[in-house]
Amino acid sequence: MYTIQTNNNYDFKGESYSTYFPNLHRYPATMLPQIGIELFKELKIKKQKLLDPYCGTGSSVLAGIADGFLEFHGFDINPLAVLIAKARYTKLNIKKLSVYRKNLEYTVYYEKEDILPPFITNIDFWFSKRSIKDLSVIRKSILEEIIDKKYQALFWVAFSETVRFVSYTRNSEFKLYRMPEEKRKNFKPNVFDLYFKNLDKVLNIYINTYRPLIKSQNFKFFSNNFIYKKEKYDVVLTSPPYGDSRTTVAYGQFSALSNEWIGFPNSRKIDSLLMGGKKATNLYNKSVISSYIKKISKSNEKRALEVSAFYRDLEKSIKEVSQAITNKGFSIYVVGNRTVKNITLPTDQFIAEQFEKNDFRHILTYKRAISSKVMPAQNSPTNIAGKKLNTMHEEYIIVCQKI
């Protein structure tokens, strides 16, 4: 077993993500940037080339910027996450932004035609006819008025938030749950007003928080899984999913409606494309995790196979990542150990073990209390109706170095 140290310096009590970095867009289970900032100082890592193979909306980038990093590459299978990351870290002309905003508002409010919406799965189930009509107008106007795609990103971010807020989804949930009928009857949002309110918030945060951080750094974000292609990185800072998306944090469901409205492909397939998304036919029988999977299989073979699929894919991903790190470079993973069928899975131990199998040395593992992370408040690890348990309250920071 790899040694775990409790380090209260990384709890950041009383702080949240937005303490220093307000979000352009709500997104589940984002990593606290303060973790990376503090770690880079402790490990004396500065001005390096950073990779985040599960970048989400770009939290790790903030840590690198604070420590003078000059190059950042991020990968994520969810196009909405990559869109948000690109919107945050692309330097735009403020006057041009203002002109685009003014022209868009004029077009939206004075559009008289009925616009056909894009294909949205079960659109009438999730949206009122009025919301469909107004969202279609905004979407068409963005495509026609904001010609420069670099500028489009910020306008899409505000549009995505609006899609979620005017839909019939229960906004407190990550998964797609429809609000009850009595609430739907009285739910009549003003789509245009809400969109421009969201847009002004997004533009304000971008101009005052993120744009000043962008100097001469090189930012690249990709909407796909990371595969090693001979490019090397000095440090990896990342927070991978804690389990398959269907049974932990449902990234795909959270972003499905937004991705469809914006027009991204495979919008309803994201959960199946993420780690553990493809079914396993055999139990994962390697490494420290195998004995825990066997215990799960005794009570539920199906759940054991789902867990096996995740660790199978995580093993493959770590192998790809390990090849991309330079000699003496660092891998830093921030994870939680999820519970399945009342069995806590030591993902921190698995990650350290896998990196050591790929020519790394385990340096340290810190345990930190989770002070504020947007995750489900409860889950059902037993799948017994009505039986809920609190989700994890601790994270593990695993640091390994290539030897």
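A search of the whole structure finds 0 disulfides, a disulfide being a pair of cysteine sulfur atoms within 2.5 Å. Such a link is a covalent bond between the sulfur atoms of two cysteines. Cys-55 is buried, at 6% relative accessibility, and Cys-400 is buried as well, with a relative accessible area of 0%; here buried means under 20% relative accessible area, exposed over 50%, and partly exposed in between, with a 1.4 Å probe and protein chains only.

The model is predicted, so local features need pLDDT of at least 70 and side-chain atom pairs count only at pLDDT 80 or more, while totals for chains, interfaces and linings use all residues. Residues are numbered from 1 along each chain as its sequence is written, and side-chain values use heavy atoms, with hydrogens and water left out.

**Salt bridges**

The structure holds 16 salt bridges, each of them a side-chain nitrogen of Lys or Arg within 4 Å of a carboxyl oxygen of Asp or Glu.

| Pair | Closest N and O atoms |
|---|---|
| Arg-101 and Glu-105 | 2.6 Å |
| Lys-286 and Glu-315 | 3.1 Å |
| Glu-395 and Arg-368 | 2.4 Å |

Because Arg-101 and Glu-105 are 4 residues apart in helix 4 (residues 94-110), about one helical turn separates them; helices (H or I, at least four residues) and strands (E, at least two) are DSSP runs, numbered from the N terminus. An α-helix has 3.6 residues a turn, so residues three or four places apart point the same way. Arg-101 is buried at 15% relative accessibility, whereas Glu-105 is partly exposed at 29%, and a network of salt bridges links Arg-101, Glu-105 and Asp-200.

The salt bridge between Lys-286 and Glu-315 links distant parts of the chain, 29 residues apart, with Lys-286 in the loop between helix 11 and helix 12 (290-299) and Glu-315 in helix 13. Lys-286 counts as partly exposed, at 39% relative accessibility.

Glu-395 and Arg-368, which also form a salt bridge, link distant parts of the chain too, 27 residues apart, with Glu-395 in strand 12 (residues 394-402) and Arg-368 in strand 9 (residues 360-369). Both Glu-395 and Arg-368 are buried.

**Two helices**

Gln-34 lies in helix 1 (residues 33-43) and is buried, at 6% relative accessibility. Leaving aside residues up to four places away in sequence, Gln-34 touches Phe-12, Glu-15, Ser-16, Thr-19 and Tyr-20, where contact means heavy atoms within 4.5 Å.

Helix 2 is largely enclosed by the rest of the structure, because 7 of its 8 residues are buried. The buried residues in helix 2 are Ser-59, Ser-60, Val-61, Leu-62, Ala-63, Gly-64 and Ile-65. Just after helix 2, Gly-68 takes a positive phi of about 80 degrees.

**The second largest pocket**

The second largest pocket holds about 680 Å³ of space. On a 1 Å grid over the protein atoms alone, a pocket is an open set of points with protein on both sides within 12 Å along at least five of seven lines, and lining residues have an atom within 4 Å of a point. Of the 34 residues that line this pocket, Pro-53, Tyr-54, Asn-225, Leu-274 and Met-275 are the closest to its centre. Helix 2 (59-66), helix 11 (270-273) and helix 13 (301-323) are the elements that give two or more residues to the lining, and helix 13 gives the most, with 6 residues.

Conventions:
1 Å grid on protein atoms, 1.4 Å probe; cavity = no way out; pocket = protein on both sides within 12 Å on 5 of 7 lines; lining within 4 Å. Points joined across faces, edges and corners; volume = space filled by probe spheres on them.
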